[in-house]
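Please consult the sequence and the structure while reading.

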Amino acid sequence: MDDNVSINSVDISNLEGAAFDDAVANLSSEELEEVFQTLDDTIYFELASYQLSASSQITLDRYASILKNYPERTMEIQGHCDVRGTQSFNMSLGLSRAQAVKNYLQITHNIPACPLHTSPSPPDS
């Protein structure tokens, strides 16, 4: 799959901030789905941490723009971790990671809590 997304002949793959907001503001349902399919949905954390990285904040800024423009969208946020550590530690870390993403979207971008659902995931093998 091509990582570049063009909407109305404008490549939005590398747009950030207001330029991305403007590009997604009037998308059709089909165009919105195309954007969702190509956005990187991986949020990275340091080992045993739930602190968001700068690159992850950029990814979340893009999702926030879509959620603001299309409030009927919902978002399932799952916190993953690897198999190091106890199961209870990993489940707690996964939930903390999911909550960190939700908090960033709510606090930084004023996204209401209702479209955001958090859950931990079992450790990745």
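## Residue H109

H109 counts as buried because its relative accessibility is 14% (buried means under 20% relative accessible area, with a 1.4 Å probe and protein chains only). H109 belongs to helix α4; helices are DSSP runs of H or I with at least four residues, strands are runs of E with at least two, and both are numbered from the N terminus. Apart from neighbours within four places in sequence, H109 touches D61, A64, K68 and Y104, where contact means heavy atoms within 4.5 Å.

The model is predicted: local features need pLDDT of at least 70, side-chain atom pairs count only at pLDDT 80 or more, and totals for chains, interfaces and linings use all residues. Residues are numbered from 1 along each chain as its sequence is written, and side-chain values use heavy atoms, without hydrogens and water.

## Helices α1 and α3

Two packed helices are described by the angle between their axes and the distance between the axes. For α1 (residues 17-24) and α3, the angle is about 40° and the axes lie 9 Å apart. On the α1 side, F20, D21 and V24 take part, meeting R62, S65, I66 and N69 of α3.

## The largest pocket

Which residues lie nearest the centre of the largest pocket? They are D41, T42, I43, Q78 and H80, from a lining of 27 residues. Two or more lining residues come from each of α3 (54-69), β3 (75-79) and α4 (87-109), and α4 gives the most, with six residues.

Note on methods
1 Å grid on protein atoms, 1.4 Å probe; cavity = no way out; pocket = protein on both sides within 12 Å on 5 of 7 lines; lining within 4 Å. Axes fitted to C-alpha atoms, helices over the stretch in contact; angles between N-to-C directions. Buried < 20%, exposed > 50% of the residue type's maximum accessible area, 1.4 Å probe, protein only.
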